[in-house]
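This briefing goes through the ligand surroundings, the nonpolar cores and a few local features of one model. Please read it with the structure open.

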Amino acid sequence: KRLILIGPPGSGKGTQSPLIKDEYCLCHLATGDMLRAAVAAKTPLGIKAKEAMDKGELVSDDLVVGIIDEAMKKPSCQKGFILDGFPRTVTQAQKLDEMLAKQGANVDKVLNFAIDDAILEERITGRWIHPASGRTYHTKFAPPKAPGVDDVTGEPLIQRRDDTAEVLKSRLEAFHRQTEPVIDYYSKKGLVANLPAEKPPKEVTVEVQKALS
Ligand code: ADP
Ligand code: ADP
Ligand code: ADP
């Protein structure tokens, strides 16, 4: 399947995507993860992207479309994929349609992680990440066995530099202004499944499975 996950920061996209990936054997492409790796490696792309990311604004369409175009060429992504955090603007959605049309392919489903803004600050400020695997923890909702340490590898967890209450405000503003129109774009094509993303993770997983069955 070719799937898109859309939802505001902290809505649970990263938490649900490994489960979807294992079940449907898809490749998982998260533009945020790819951009953070580029920033950490100080590549030309990372240098261009860093300022917008630190402010909680979107990186330019050309940059992200370029990385997605490149990543989708991987053999593991030919039969299907999960796009997590892309497209985030209508322009990106149109470019994606063009890329897929060239391969005679199309988007199968858009999972919309619907959630009230008020819940997100607590989720975002409590988030801890194991960067190498993308495993995500939460100080209150999904604590690691030992504080600050990944359960599987024993390696240290980090907090994202943009996971502050202040930067979250800009990220939410960008979501409402630039990304919500993307949900309308796919609704008109009849592709959107709305998920009750405020529910506990396991219940959201059940809803994801229903939407994909
Ligand atoms: P979240 O966990 O908030 O959903 P991401 O990890 O997906 O966030 O993205 C982090 C940041 O990376 C965004 O605030 C934005 O600056 C940049 N970014 C990620 N994906 C895109 C995209 N498709 N278009 C533009 N900017 C993006
Ligand atoms: P996104 O990828 O959409 O930005 P994450 O999946 O990283 O969001 O989730 C943000 C934070 O909220 C993480 O710390 C995660 O452990 C926690 N979380 C994810 N889903 C839920 C849920 N259904 N209920 C409570 N907390 C959750
Ligand atoms: P700085 O000194 O500017 O914090 P780094 O390049 O070490 O420099 O990392 C910047 C921040 O980016 C880290 O503190 C972390 O929050 C975030 N980060 C780096 N790599 C990842 C990743 N793979 N996943 C999530 N966040 C990451």
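Which helix gives the most residues to the shell around ligand 1? Helix α2, spanning residues 31-40, gives the most, with four residues. The model is predicted, and every value below is computed from it.

**Ligand 1**

- The shell around ligand 1 holds 18 residues, and Thr31, Arg36, Glu57, Gly85 and Arg171 come nearest.
- By class, this shell divides into seven nonpolar, four polar and seven charged residues.
- Arg36 places a polar side-chain atom 2.9 Å from an oxygen atom of ligand 1.
- Arg127 also has a polar side-chain atom by an oxygen atom of ligand 1, at 3.4 Å.
- Val59 uses its backbone instead: an N or O atom there lies 3.1 Å from a nitrogen atom of ligand 1.
- Ligand 1 exposes 560 Å² when taken alone, and the protein buries 96% of that.

**Ligand 2**

- Around ligand 2 there are 17 residues, with Gly14, Thr15, Arg127, Tyr137 and Lys199 the closest.
- The shell of ligand 2 is made up of six nonpolar, seven polar and four charged residues.
- A polar backbone atom of Gly10 is 2.8 Å from an oxygen atom of ligand 2.
- For Ser11, a backbone N or O atom lies 3.3 Å from an oxygen atom of ligand 2.
- For Pro201, a backbone N or O atom lies 3.2 Å from a nitrogen atom of ligand 2.
- Taken alone, ligand 2 exposes 560 Å², of which the protein buries 92%.
- Two or more residues of this shell come from each of α1 (13-24) and β6 (135-138).

**Nonpolar cores**

- The largest nonpolar core has 34 residues, and Leu96 and Tyr186 have the most contacts inside it.
- Elements giving two or more residues to this core are the strands β1 (2-6), β2 (27-30) and β3 (81-84), together with the helices α2, α3 (44-55), α4 (61-71), α5 (90-102) and α7 (165-187).
- Helix α4 supplies the largest share of this core, six residues.
- Beyond its neighbours within four places in sequence, Tyr186 is in contact with Ile4, Ile6, Pro87, Ala93, Leu96, Val107, Val110, Leu191 and Val192.
- A second, separate core has 19 residues, among them Leu5, Leu111, Phe113 and Ile124.
- In soluble globular proteins, nonpolar side chains tend to be buried together.

**Asp150 and Tyr137**

- Asp150 lies in the loop between β6 and α7, while Tyr137 lies in strand β6.
- Asp150 counts as buried because its relative accessibility is 2%, under the 20% limit.
- Tyr137 has a relative accessible area of 8%, so Tyr137 is buried by that limit as well.
- The side chains of Asp150 and Tyr137 are joined by a polar contact of 2.6 Å.
- The side chain of Tyr137 also reaches the backbone nitrogen of Asp151, at 3.0 Å.
- Leaving out residues up to four places away in sequence, Asp150 touches His130, Arg135, Tyr137, Glu155 and Leu157.
- With the same exclusion, the residues that Tyr137 touches include Arg127, Trp128, Pro143, Asp151 and Leu157.

**Backbone features**

- The peptide bond from Phe86 to Pro87 is cis, with omega near -5°.
- Pro87 is placed in the loop between β3 and α5, and it is one of the residues in contact with Tyr186.
- Lys42, in the loop between α2 and α3, has a phi near 50°, a positive value in a residue other than glycine.
- Lys42 is exposed because its relative accessible area is 64%, over the 50% limit.
- Most residues other than glycine have a negative phi, and most peptide bonds are trans.

Methods. Residues are numbered from 1 along each chain as its sequence is written. Chains are lettered from A and ligands numbered from 1 in the order in which they are written. This is a predicted model: local features need pLDDT of at least 70, side-chain atom pairs count only at pLDDT 80 or more; totals for chains, interfaces and linings use all residues. Side-chain values use heavy atoms; hydrogens and water are left out. A residue is near a molecule or strand if one of its heavy atoms lies within 4 Å of it. A polar contact is a pair of N or O atoms within 3.5 Å; within protein, one must be able to donate a hydrogen and the other to accept it, and residues adjacent in sequence count only if both atoms are side-chain atoms. Accessible areas come from the Shrake-Rupley method with a 1.4 Å probe; for residues, only the protein chains shown count as cover. Ala, Val, Leu, Ile, Met, Phe, Trp, Tyr, Cys and Pro count as nonpolar, Asp, Glu, Lys and Arg as charged, and the others, Gly among them, as polar. A nonpolar core is a set of buried Ala, Val, Leu, Ile, Met, Phe, Trp, Tyr and Cys residues joined through side-chain atoms within 4.5 Å. Buried means under 20% relative accessible area, exposed over 50%, partly exposed in between (1.4 Å probe, protein chains only). Contact means heavy atoms within 4.5 Å.
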